[in-house]
Amino acid sequence: MDGLPLRQHSATAGLRPATLDVRNISRVFSAGSGSFHALQDVTLSVAPGEFLAIVGASGCGKSTLLRLIAGLDVPDRGDIRLDGKTIDGPSLDRGLIFQEPRLMPWLTVEQNIALALENAAVTRQERAQSIADHIALVGLRGFEHAYPRQLSGGMAQRAAIARGLVTRPEILLLDEPFGALDALTKVRLQAELQRVWLAEGITMVLVTHDVEEAVFLADRVVVMAPRPGRVSAIQKVALPRPRDRTSGAFVACKAAILAALGAT
Amino acid sequence: MRRAVAWRTPALGALLPLALIATWQIAASAGTFDVGLWASPATVLRAASATVRDGSLAGDVWASLQRDVAGLAIGVPVGLIVGTLLALSRLGDALLGPSLSAVRQVALFTWVPLISLWLGNDEPGKIAFIAYAVFFPVMLATQAGVRGADPQLREVARTLCLTSWQSLRRVILPAALPSIAAGIHLALVYGWLATIGAEYLFSAGPGIGSALMTGRAQFRMDQVIVGMVAIAVVGMLLNVLAGAAERRLLQSRGL
Amino acid sequence: MTAQAGIAARPAAAAMARWSFGWPRSGPIAAAFLALIVPASGLAIWRIATQQAWVTPLMLPAPDAVAAALRDLARSGDLTSNLGLSLRRVVLGFGFGAAIGLAAGGAMGLSRTAEAMLRPLLLSFVQVPVLAWIPLLMIPLGIGETLKLAAIGISAFTPVFLNTAKGFRNVAPALIEVGTLYKFNWPQRVRHILLPGALPTLFTGLRLGLTQAWQALIVVELVASTDGIGYVTVIARQMFQFDQMLAAMLVIGVVGFCLDRSLRFAEARLVHRFGGAAA
């Protein structure tokens, strides 16, 4: 299935699909003796509905970039715009999934997802419906009243993804979301994430150190290099979905990216 | 061999207490000490059943507990609020922290003369003293809990764009709850001790501590022992109940 | 364009810094300054309140009066004699209580038989707060020195006993195994492994015991005494000499603080020396 499905926007979101523009972003951390250039003059653009992956070795700034997009951090130079508006702090327009599920241990799955809608201007009925829809979307139907301690790692992460999506954000940011999971669960959740992306048509930016994951999921893969953090290459993945991890084209793409990573 | 070991521990354990009680009773019956002064186990038991039957023991314990609860009702919320504020505001902590720490160093009962001066020698003074005694454990535990609230969860609150108040109510305070529960546990223990102490040092009135002092004044050792046991039992119950509640809270979090 | 955007980013950064409950890192001098604001203003308000007669001397004497009372107490020798008595009581009472606590805790921690015999009795004993013991002990002992030493001793006993038992019981089994490997006999095991291993916890128990002893001293001097620094506050209160009462309270606070601080310091040094050895 090629082509990018367009997002069905609800009345509470914008009516026009939004582009993410990262322009000349620099972020420097001062650490005791010297300064550490986490990001230097990074520019990239994410089209509406696109799935973008960012790969790179540790210290290349990929997580820093994601946090800047999420609004959890402020760039020292440059700006980031969503739909032409400079971002300033976190917003429900941009959802963020962390590597840990980070569910509140004292709330049920349902309550955890509802927390995201605390400030949403929706009626109680709409809220309940949306939560139920998203629980079904991530395949957690039946676990609405379970507590995080009763969930497996994979299930908890699904709940976190539902929480990230329930606010119907313009763009979903994922910071190594499957890094803490075992290989089997990881593969399963990658397929789930793709299914959700296809169903919702939401823009996704995924940071990962797993190149195979990037090639499996993304339309484009951004390769970043460290010291200073910068974009070193952008690889298009023009393979039709569902993708076969063993196909020649897939393997070739993966090799190209690994080469780009190794070259830095 | 194995069967012998099974009853060994309880048997050894019972040895000393039984020996002591037996010696006590024998010495009392043999008149080795002034029976007018010293009670025997038998007289203690008689006094105990008397106070239980006429309801005075229950009445005294109840009066003390009411006082205790009144003090807790003031001290615990103030401790929660101050602890939260100190944890959330570094400026507040820099301003108030050291002063509170210094005040805390002053031995608890030192404040009795001052409190009785300002608030009188009766109930308000006693309750204020109890409230003061429970304030610090709650404040310290709350401060530690809020300060230590999982920063990862706090970050989630930011990404979900919760307001400061929502973040406090829905994320930070629930995350701090185990620590706060431990603080309240301590408050229950200290509060009971402060209640008894207040009954000794402020005016007389209904209460198990007062009853103890009255027994002493009348040289009724049997009554005093009954009161002692009552104080210990109530203290133990409070401790056990608080501990159980704490454990249940931790379990419900999967901790 | 970029410069403008950079400037626009700054207010957000400031907002973010505030939101993360931060305050820019200030040095120790700034911290000391901030810490003194409340006590200093408190003192100032106190002085003004008494000068402007917002409160009567019967409610709150002026700070200068308290300072004068403190000086008088010191000069007349009352302070030294009473404080000395109190300190002597604390040290003696603590000494007795801690010694018995160490012995009982050591027995319980080192010998299963002793533990079985002592456990029910001693664990019940520690459930009775020292406050509850005082009236009982007052019947045969009156308000003499023995009563006070007994009360202080009992209060010191509990933390020392519990921590000693815990300290010996909790010595890392791994270290004990090493002893078995080298075929240590019992005295050697105690000397080389159990005692040093238990020492930090033991010391914590001693510190807590001294803290409790100090608290008990105050209680006993309020309830049943005719001398000592605690008694000074009582008698001053009864004689309406509130400046003297506050002066004595101040002394109690300072002494208690110094006791606690020096013990914590010693404990930290000890843990540093022995605690780190827990391989």
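1. Quick reminder before the numbers: a salt bridge here is a side-chain nitrogen of Lys or Arg within 4 Å of a carboxyl oxygen of Asp or Glu. By that rule the count is 29 salt bridges over all chains. Keep in mind that this is a predicted model, so everything below is computed from predicted coordinates.

2. Let me start with the contact between chains B and C. On the chain B side 55 residues take part, and they touch 47 residues of chain C. About 4,700 Å² is buried between chain B and chain C, and carbon and sulfur atoms give 77% of that area. Within chain B, the residues that lose the most area to chain C are Arg90(B), Gln105(B) and Met228(B), which together make up 13% of what that side buries.

3. Polar contacts do turn up: five residue pairs between chain B and chain C, with both partners at pLDDT 80 or more. Several helices of chain B each supply at least two residues to the side that touches chain C, including α1 (2-29), α4 (90-105), α8 (164-201) and α10 (221-252). By residue type, the side of chain B that touches chain C divides into 39 nonpolar, ten polar and six charged.

4. Now some salt bridges inside chain A. Arg195(A) and Glu192(A) meet through their side chains at 2.6 Å, N to O. Both sit in helix α5 (residues 183-200) of chain A, three residues apart, or about one turn of the helix. Arg195(A) has a relative accessible area of 36%, so Arg195(A) is partly exposed.

5. The salt bridge between Asp219(A) and Arg241(A) is worth a look too, at 2.9 Å from N to O. Here the pair links distant parts of the chain, 22 residues apart: Asp219(A) is in the loop between α6 (211-217) and β9 (220-225) of chain A, and Arg241(A) is in the loop between β10 (230-236) and α7 (248-262) of chain A. Are these two buried or exposed? Asp219(A) has 13% relative accessibility, so Asp219(A) counts as buried. Arg241(A) comes out at 9% and so counts as buried as well.

6. While you are at Arg241(A), check the backbone: a cis peptide bond joins Arg241(A) and Pro242(A), with omega about 0°. Pro242(A) is in the loop between β10 and α7 of chain A. Chain A also has a cis peptide bond between Arg227(A) and Pro228(A), where omega is about -5°. Pro228(A) is found in the loop between β9 and β10 of chain A.

7. Over in chain C, Asp64(C) and Arg47(C) form a salt bridge, with the closest N and O atoms 2.7 Å apart. Asp64(C) is in helix α3 (residues 63-76) of chain C and Arg47(C) in helix α2 (residues 28-51) of chain C, so the pair ties together parts 17 residues apart in sequence. Both ends are partly exposed: Asp64(C) has a relative accessible area of 45%, and Arg47(C) has 36%. Elsewhere, salt bridges that share partners join Arg88(C), Arg89(C), Glu145(C), Glu221(C) and Asp227(C) into one network.

8. Aromatics next: the count is eleven aromatic pairs over all chains. The rings of Phe109(B) and Phe129(B) have centres 5.2 Å apart and planes at 55°, so the pair is tilted. Phe109(B) lies in the loop between α4 and α5 of chain B and Phe129(B) in helix α6 (residues 123-147) of chain B, so parts 20 residues apart in sequence are tied together. Both Phe109(B) and Phe129(B) are buried. Phe129(B) also forms a tilted pair with Phe202(B), at 6.3 Å centre to centre and 45° between the planes. That pair spans 73 residues, with Phe202(B) in the loop between α8 and α9 of chain B. Phe202(B) is buried as well. Separately, ring pairs link Trp111(B), Tyr132(B), Phe135(B) and Phe136(B) into a cluster.

9. Cys161(B) is not a glycine but has a positive phi of about 55°. Cys161(B) lies in the loop between α7 and α8 of chain B, and at 25% relative accessibility Cys161(B) counts as partly exposed. Lys183(C), also not a glycine, has a positive phi of about 55°. Its loop runs between α8 (173-181) and α9 (186-223) of chain C, and Lys183(C) counts as exposed at 73% relative accessibility.

Methods
Residues numbered from 1 in each chain as written. Chains lettered and ligands numbered in written order. Predicted model: local features only at pLDDT ≥ 70, side-chain atom pairs only at ≥ 80, totals over all residues. Heavy atoms only, no water. Contact = heavy atoms within 4.5 Å. Buried area = accessible area lost by both parts, 1.4 Å probe. Polar contact = N/O pair within 3.5 Å; in protein donor to acceptor, adjacent residues only side chain to side chain. Helix = DSSP H or I, 4+ residues; strand = E, 2+ residues; numbered from the N terminus. Nonpolar A, V, L, I, M, F, W, Y, C, P; charged D, E, K, R; others polar. Buried < 20%, exposed > 50% of the residue type's maximum accessible area, 1.4 Å probe, protein only. Phe/Tyr/Trp six-rings, centres within 6.5 Å; stacked < 30°, edge-to-face > 60°.
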